[in-house]
Amino acid sequence: MANFVECITDASLAGELWCGDRTVAVLTASPRGTVEGSVALLDLGALDPALRFVAVLDCADQEILVPLLRAAADEARKGGGTALRWITEEETSPGKAAIELNALESGEVYRWWRRDLPAGVPAGGPEVRRLPAGDEGEDEGIAFRIGTDEAWYDVELTDTRARLVHNREADSTADALTSLTSAALCALDADHPGLGAAEVNAAPDDEELHDALRRLGFAPTSERAVEYTLSFA
């Protein structure tokens, strides 16, 4: 598999896989002649070499992800880094890449909470409204955005469930977040009646959002986003 991994350091050759000014390389895997996974290697400029390099994954196949991350680690090492970090979604147990590369879990970034639909909850407050999806290209995969100027959900839909991706720019209360979440659930009940479940992502220390989700019948699942660190020592 390693023979199919290519390291691209020219932004014009990497195309849309290049993530911006902080990208220093893109690793692609093409085992069957077409790109089946990629990793963008970012240099975040941290003074601590253990915090400098982050890999942004675009690959679900663990067999392909292992050589991609190994190649990304080699590039990070050449750039003066002492570790490589990445975030991946998984169940409670580590994935193949973390195990094979001997990477350690740095911490949980967020966990998904779930409840059945229809929710049948009261509508949120009048301050909650439908919002523009954002800048051009940012809204790919987003069915709608609902919230206030300070907190909102980007709602992604599949045939069976809705995923409410939470964002906010300021501190909020459990009451305000309950109103926001209620409004999102009411919109799903009204506009997408065939869905069976709603899921919300919440950071492990976000007690206000945890409180709001519990009030509305959500429970944490085993699915989470985890940061891993591969040390070169």
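What is the volume of the largest cavity?

Analyst: The largest cavity has a volume of about 50 Å³, where a volume is the space filled by probe spheres set on grid points that are joined across faces, edges and corners. The model is a predicted one, in which local features need pLDDT of at least 70 and side-chain atom pairs count only at pLDDT 80 or more, while totals for chains, interfaces and linings use all residues. Residues are numbered from 1 along each chain as its sequence is written, and side-chain values use heavy atoms, with hydrogens and water left out.

A cavity is a set of points, on a 1 Å grid over the protein atoms alone, where a 1.4 Å probe fits but cannot get out, whereas a pocket is an open set with protein on both sides within 12 Å along at least five of seven lines; in both cases the lining residues have an atom within 4 Å of a point. The structure holds one cavity of 30 Å³ or more.

The lining of the largest cavity is made up of Gln62, Leu65, Trp86, Thr88, Glu90, Gly95, Ala97, Ala98 and Tyr228. The elements that give two or more residues to this lining are H2, E5 and helix H3 (96-101), helices (H or I, at least four residues) and strands (E, at least two) being DSSP runs numbered from the N terminus. The largest share, three residues, comes from E5. By class, the lining of the largest cavity has five nonpolar, three polar and one charged residues, with Ala, Val, Leu, Ile, Met, Phe, Trp, Tyr, Cys and Pro counted as nonpolar, Asp, Glu, Lys and Arg as charged, and the others, Gly among them, as polar.

Turning to the pockets, the largest has a volume of about 690 Å³, and of the 21 residues that line this pocket, the closest to its centre are Val56, Leu57, Asp58, Cys59 and Ile87. Strand E4 gives the most to the largest pocket, with five residues, and the lining divides into 15 nonpolar, three polar and three charged residues.

The second largest pocket holds about 170 Å³ of space, and its lining includes Glu89, Tyr110, Trp112, Arg161 and Asn201. Strand E6 (104-116), strand E9 (151-157) and strand E10 (161-168) are the elements that give two or more residues to this lining, and the largest share, four residues, comes from E10. The residues lining the second largest pocket divide into four nonpolar, three polar and four charged.
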